Amino acid sequence: MRAHEGGGAQEEKAGRRRWRPLRRIDYPRRGRRGVRRWLPSWRQLLLVAGLGAMVLTGWLARFYMITEVPDDLNSFATQQNNVYYWADGTEMARIGEINRQEVPLDRVPQPVQWAVLAAENETFYSDPGISITGIGRAVYQMGSGGDTQGGSTITQQYVKNIYLNQRQDISRKLSEIVIAIKLDQRMSKQDILAGYLNTSWFGRGSYGIERAAAAYYGKDVSQLDPSEGAFLAALLKGAGQLDPAISADNRRRAEERWSWILDRMVEVGRLSAAERAEYTVFPEPRPQPKAAGLSGQVGYLVDMARAYVESHSDITSAQLDLGGHQIYTTFEKPKVSALAAVVQDATKGIDPGNRDADRFLRVGAASVAPDGRIVALYGGPDYLKQGFNSANTSTVPVGSAFTPLVYAAGLSQGVQRQRGGSRTPVLPTTTYNGDNGVNVMTPEGPYWGRDGKIVKTANDGKRDWGTVTLRSAVEQSVNGPMMQLGMDVGLDRVQKTAADLGLLPVSMGELAPAFGVGNSTPSAIRTADAYAAFAAGGSHTDPYSVLRITRNGAPLALRLPTAVQALTPAVAGDVDAALKDAVRTGSAKPAAEAGPDLAGKPGTTADRTAGWFVGYNGQMSTAVTVFRADLKDMKLLSLEGLGGAAPDTPDSALPTQIWTSYMKTAGGQDGRGEARGR
């Protein structure tokens, strides 16, 4: 045993001697004390850095070797449709194929080519397919959570077009770099530029500069002048943000970038100063034509569903335009058809040709389920004739249809009538002065308006109601008490309740006494959604229009809203009770003929520019709004005399008629089918 043990000891010593060179690393460092014992020497730092560089170099070399250039560079261009489905799973719309057409580079005028190069990659003809400084900037931005765009050469962007992979991560960026280098070695610069111009997305469903020239200017790419080419080059920065047809902000951004690109062409020597001076007027593109398959209400529905997908998923506009997506919407065809039919019937007496008061009439309506599903909407008479969606506008004041939200805020938070004093609970039986022309009060005294006059309450028809309970004020549409209640609760608190019920900040009105009686401008969709919480025990879900989305059958991630408790069940129940009594015996009584157990509220504005009716049954909440506006400037016009009505006819009469007829027809329908469980 001893001999054996002795041999083991010798082997152990030999083993220690064998590994002794590694101990020269001397870490932690002998002969040092405190922090210095743990600080590596410069030799150790060089050793670690050298080993790291060797490992990284080897890994990059292997990554370079195994990364292949795709055999078919244009396989991405397979043409497919996007298919939209009704809530029951039946097909609603099939939106066209990719609008793409290849052209040889010699068909693209040199100034147009250089507009693109000046904007995107002026060193294209001399670089190796990548930009070292651009890559460094992009990697830094990725690491800091910023946008990776702007670090890519045209060759890299062409690679990205081929792969259609918009992931923002290191692996994707490295693949892009390697393929760009290999592509630059295998292909001529002319072929790469041609491929890039033929595969880039220019918006309006157009891939490739040939179809972009047709979409924006109705001409062949060979006919473009430098100014038009500069605009198309600008679109490569992001067509969704630069197509002037979308918004005024887009037009401003497009004009700024167009001008900058022309200036850049002068800087790189591809446009003379004299030629630049010829192009001072923005080359306005033609309006975007609408697809024939989007007639009637379908176009509004498709637009809304597409917008929801783009804002609640990682799918970009460019990827959607490539097609192959199946989009399952929340819209129920029977309800959409019924809503369109009743609007058409209710407005058949409108005669804009012979009656000025009927000109520019707009009707918007939307139905939202308690769980947030938008089951129907009416955006206008025909999407191809009026692309503006009247159900989703945020420019029309909601008027006294807002007062149930003020009532909910009061019941939830009580009132504070003395500055610094305690808050006092509010009950449905709490009384207020219901007379017309009562001074609006603050804790310090009367509220003085900007015109130097005391602001006073204003009831419909200037009627005096005497002392009324808050519940009666809601039931009978007595506006004065609701205006004062808003002041007593605190307009900021009322605003918070409205936001909790789904009204968007952009639609909130000025925090003045008129806030309590509806100077805010929520859409019909958002207003219907807010009322849905009263029927759902205070539970609120933001409105949504898409249930799920797939591409070629494979599911894609979609962010759907979740329910939140915006009001207590007790408060929601009190508001619900008042709105049901409004239909039974109050201001909404004309709607009672639509059926039992309905709740609702008409809405009017002091300046007579909008009429509303908002109400619900157990299955859905529906808001109907009517207003008059020329879509060129969206200036609201008076509704007095609409349809030849007497001057004292309430502006809520037409929306009440539409709502009532619709609830008779569609109030009991359930068009969901099996789609939601798919």
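Guide: A residue is called buried here when its relative accessible area is under 20%, and every value we discuss comes from a predicted model.

Visitor: Okay, with that in hand, how many residues of helix α18 are buried?

Guide: Helix α18, which spans residues 479–489, is mostly covered, with 11 of its 11 residues buried.

Visitor: Which residue just after α18 takes a positive phi?

Guide: That is G490, whose phi is about 110°.

Visitor: Switching to helix packing: at what angle do α3 and α9 pack?

Guide: Helix α3 (residues 110–120) and helix α9 (residues 226–235) pack at about 40°, and their axes are 8 Å apart. The two helices are therefore oblique to each other, and their crossing is right-handed.

Visitor: Which residues make the contact?

Guide: From α3 the contact draws on P111, V112, A115, V116 and E120, while α9 contributes P226, G229, A230 and A233. By class, the residues of this contact divide into seven nonpolar, one polar and one charged.

Visitor: What about α20 and α21, at what angle do they cross?

Guide: The axes of α20 (residues 524–535) and α21 (residues 569–584) cross at roughly 105° and come within 7 Å. That angle makes α20 roughly perpendicular to α21. On the α20 side, Y531, A533 and F534 meet A572, V575, D576 and L579 of α21, and the contact has six nonpolar, no polar and one charged residues.

Visitor: New topic. How many salt bridges does a search of the whole structure find?

Guide: The search finds 34 salt bridges. One of the pairs is R107 with E210, where the closest N and O atoms are 3.9 Å apart. R107 sits in the loop between β3 (99–100) and α3, and E210 belongs to helix α8 (residues 209–217), so this pair ties together parts that are 103 residues apart in sequence.

Visitor: Which residue pairs with R264?

Guide: R264 forms a salt bridge with E122, and the closest N and O atoms of that pair are 2.2 Å apart. The pair links distant parts of the chain, with R264 in helix α11 (residues 248–267) and E122 in the loop between α3 and α4 (132–143), 142 residues apart. R264 is buried, with a relative accessible area of 13%, while E122 is partly exposed at 42%.

Visitor: And which residue does E228 pair with?

Guide: E228 forms a salt bridge with K219, the closest N and O atoms being 3.0 Å apart. E228 counts as buried, at 9% relative accessibility, and K219 is partly exposed, with a relative accessible area of 24%.

Visitor: Last one: which residues are linked in a network of salt bridges?

Guide: E332, K335, D371 and R373 are linked in such a network.

Key. Residues are numbered from 1 along each chain as its sequence is written. This is a predicted model: local features need pLDDT of at least 70, side-chain atom pairs count only at pLDDT 80 or more; totals for chains, interfaces and linings use all residues. Side-chain values use heavy atoms; hydrogens and water are left out. Axes are lines fitted to C-alpha atoms, for helices over the stretch in contact, and angles run from 0 to 180 degrees between N-to-C directions. Helices (H or I, at least four residues) and strands (E, at least two) are DSSP runs, numbered from the N terminus. Angles under 35 degrees count as roughly parallel, over 145 as roughly antiparallel, 65 to 115 as roughly perpendicular and the rest as oblique. A crossing is left-handed if the near helix is turned anticlockwise from the far one by less than a right angle, and right-handed if clockwise. Contact means heavy atoms within 4.5 Å. Ala, Val, Leu, Ile, Met, Phe, Trp, Tyr, Cys and Pro count as nonpolar, Asp, Glu, Lys and Arg as charged, and the others, Gly among them, as polar. Buried means under 20% relative accessible area, exposed over 50%, partly exposed in between (1.4 Å probe, protein chains only). A salt bridge is a side-chain nitrogen of Lys or Arg within 4 Å of a carboxyl oxygen of Asp or Glu.
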